[in-house]
Amino acid sequence: MSPFLFWIFALLTVIFGAAVVVNRNPVASALSLVVSFLGLSALFMSLDAFFVGIIQVLVYAGAVMVLFLFIIMLLNLRAEEERRINWLALAGGVAVALALLIQIFLVISRFDPARKTFPPLPGSTIDDVRNIGALLFSNYNLPFQIVGVLVLVATIGVVLLSKRELR
Amino acid sequence: MDSLFIITSLLKILGILFVVILPMVSYAVYAERRVSAFIQDRLGPNRVGPAGLFQPIADMFKLLLKEDFTPRAANTFYYWLAPCLAVMPAIITIAVVPFGSTLFGVPMVIADVNVGILFVFAIASLGVYGIVIGGWASNSKYPFLGGIRSSAQMLSYELSLGLAVVPVFLVVGSLRLTSVVRYQIEHGWFIAPFVGDWANPWKWLLAIPMIISFLVFMIAMFAETNRLPFDLPEAEQELAGGYNTEYSSMKFALYFLGEYAAMITGSAVIVTLFFGGWHFPGIPDGSHGWIFGLINIAVFFAKVAVMIFFFMWVRWTFPRFRYDQLMRLGWLFFFEIALVNIFLVAAIIPFYRS
C-alpha cells in the first residue's frame, strides 16, 4: 500500500476521532465518529483484511451509529450545546490522555519488534472470509457459541423489557 | 500496480457512471412517469421530443433554474451535505457488481472483492444517513418524522435483506459476486435452475427455498429503497412529502436521483444474485469475441431494466402499508421466514452435494 494513502486515512481517522470529543453538537459528534470508522475500515482494507474492514462499516457505521443518531435526534440538543466547559475536568482529562501517550511512546521506543519492518505476508490473495469462518468454527468454537448465547440472552431481555405490562 | 490496471479501472468507472448509470437514472424517472400514466390510462409526458424522450433534459434545466432556497432555521452545513450523502452510496454500490463477462480480456467488474455482497450491504446501509440528516437539518416537523421513519424502517429490513441472501452463499460457497454468477452459469439461475444435473432431485428441492429467499430479498429491497408499498418516509398524504419537504431546486433533484440510483443498484444486485447476472442461455461469454462481451453487458442491463419496470409496476399497483403493519411485517414475518429458510437450505445442501 502506498504510504500516501496510509497517511490520508490515518489522519482522517485521528482528526475525526478528535472531532467527536471537540464538537459541542451531539449530531456532529456522531457523524464524526462515522467518518472515523470509515477511515479505520479503509486502513483495514489496505492491509488486505477486507472482511474486517467491511464489517467495521456494516456494523458500526451502518447499524450502531444509525441507532445512536436516532436516539440523539430525539434528545434536546440545546442543553448540550449551551453547557459550559468544566475547566478542572478538562485539565484532568488532558493530563490522563498525555500520561497515556507518553507511556505508549516510552513502551514503543524500547520494544524492538516495533522498529523492524516486517516482510510482506505470503499470499495476500488468501480468502480471509473463509479463513475467519474456518477459525471460528474450529479453534474458537466454544467462545463463538458462548457469544451466541450472550446475544440470545440480550435479545430476550430486550423483548421482555419492551413488553408493555410485566407479569 | 501497473498502469494498464489503473487505466482500465478508470475507463470502467467513467463508462459505467456516465454512459450507463446516470442516463439510466434520468430515464428511469421518465419511464416511471410513462409507466404510471400507462397503468392509470393517461398519456404522461409526451411533448418534448419524440414520445417525450427529451423530457429528462428539460427537467434538468428546469430544476437547475429553480430558486435554491435554504430555510432560515435549517442547520446549513448538514442541510447541504445530506443530498450528497443520499446519492453517493447508491452509486458506489455498483462497483462490486459484475455487469458483464469480459471485454478485450478485461473483466467487466470494477472491484472484484471477496466480500462482494457484504460491501453492497455496508455501503447501502450508509444511504440512510442522507435521509436522516436531511430530515434533521431541515429543522422542520414533517421532514424530521420522515427521517425517523426511514432510519427505523431501513434498519429493520436490513436484517431480512441480509438473512435472505445467506442461502445463496451457502450454496455457492463464496461471497464474491463473480463466483455467484459463475455458479449460476454452470447450475442454472437460482430462480430457474434448468441447467446441469437434471437427475438430481435435491436440486429441485433446493429451488423452493431459493425462490422464497428471492421473494423475501426483493420485498426487503422495496423497503430498503423506500419504494411503494413501503414509502412511509416520503408519504405525501401524511408527511407533506417527508424528508425532502424543505428541499428545492437541484438539492431536491439529488434526493430524487439518489432514490432512483438506489433502485437501479438494488435491481442490479437482485439480477446478479438470482437471475444469473450477465448470463443468458445460448450466448457465450466475452472470451469468444468482443461482440459477445458487449452482448453480455447489454443482457445484464436489459435484465436490470425489466427489474426496474417490475418495481414501477408494483408501485402503481399496491396501496401503501400503515407504519405498524410495515414493522410487524418486517420483524414478525420476513425475519422469521428468512431465518427458517437458512436452516432449510443448510439441511438440503449435504444431500445435494453427495
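These legends describe close-up views of a predicted model. Local features need pLDDT of at least 70, side-chain atom pairs count only at pLDDT 80 or more, and totals for chains, interfaces and linings use all residues. Residues are numbered from 1 along each chain as its sequence is written, while chains are lettered from A and ligands numbered from 1 in the order in which they are written.

**View 1. Chain A is built from seven helices and zero strands.**
Helices (H or I, at least four residues) and strands (E, at least two) are DSSP runs, numbered from the N terminus. The order in chain A, from the N terminus on, is α-α-α-α-α-α-α. Chain A has 167 residues, and 17% of them count as buried. Buried means that 20 or more other C-beta atoms lie within 10 Å of the residue's own; exposed means 12 or fewer, and partly exposed is in between, with C-beta atoms placed from the backbone. Two residues are in contact if their C-beta atoms, placed from the backbone, lie within 7 Å. Take the contacts in chain A between residues at least 6 apart in sequence: 54% join residues at least 24 apart.

**View 2. Chain B meets chain A through 16 residues of chain B and 15 residues of chain A.**
On the chain B side, helix 4 (116-137) and helix 5 (141-164) are the elements that give two or more residues. Helix 4 of chain B supplies the largest share, nine residues. By type, this side of chain B has 13 nonpolar residues, three polar and no charged. Nonpolar covers Ala, Val, Leu, Ile, Met, Phe, Trp, Tyr, Cys and Pro; charged covers Asp, Glu, Lys and Arg; the others, Gly among them, are polar.

**View 3. Helix 1 of chain B bends by about 35° at L17(B).**
The bend is the angle between axes fitted to the seven residues ending at a residue and the seven starting there. Helix 1 spans residues 3-39 of chain B, 37 residues in total. Its first and last C-alpha atoms are 51 Å apart, close to the 54 Å expected at 1.5 Å a residue. That expected span is 1.5 Å times one less than the number of residues. The buried residues of helix 1 of chain B are K12(B), I16(B), I21(B), V25(B), A28(B), Y30(B) and R34(B). Their cover includes helix 2 (55-65), helix 3 (76-92), helix 10 (249-274) and helix 11 (290-315) of chain B. After helix 1 of chain B comes D41(B), with a positive phi near 60°.

**View 4. Domain 1 (22-62) and domain 2 (66-353) divide chain B.**
The bounds come from an automatic or database domain assignment. The C-alpha centres of the two domains of chain B are 23 Å apart. Contact involves 11 residues of domain 1 and 11 residues of domain 2 of chain B. On the domain 1 side, helix 1 of chain B gives the most, nine residues. That side divides into seven nonpolar residues, two polar and two charged.

**View 5. A95(B) sits in the loop between helix 3 and strand 1 (102-103) of chain B.**
A95(B) counts as buried because it has 21 C-beta neighbours inside 10 Å. Leaving aside neighbours within four places in sequence, A95(B) is in contact with I110(B) and A111(B). D112(B) is 17 residues from A95(B) along the chain, with 8.3 Å between their C-alpha atoms.

**View 6. D324(B) belongs to helix 12 (residues 323-353) of chain B.**
D324(B) is exposed because 8 other C-beta atoms lie within 10 Å. Between the C-alpha atoms of D324(B) and L11(B) there are 46 Å, with the two 313 residues apart along the chain.
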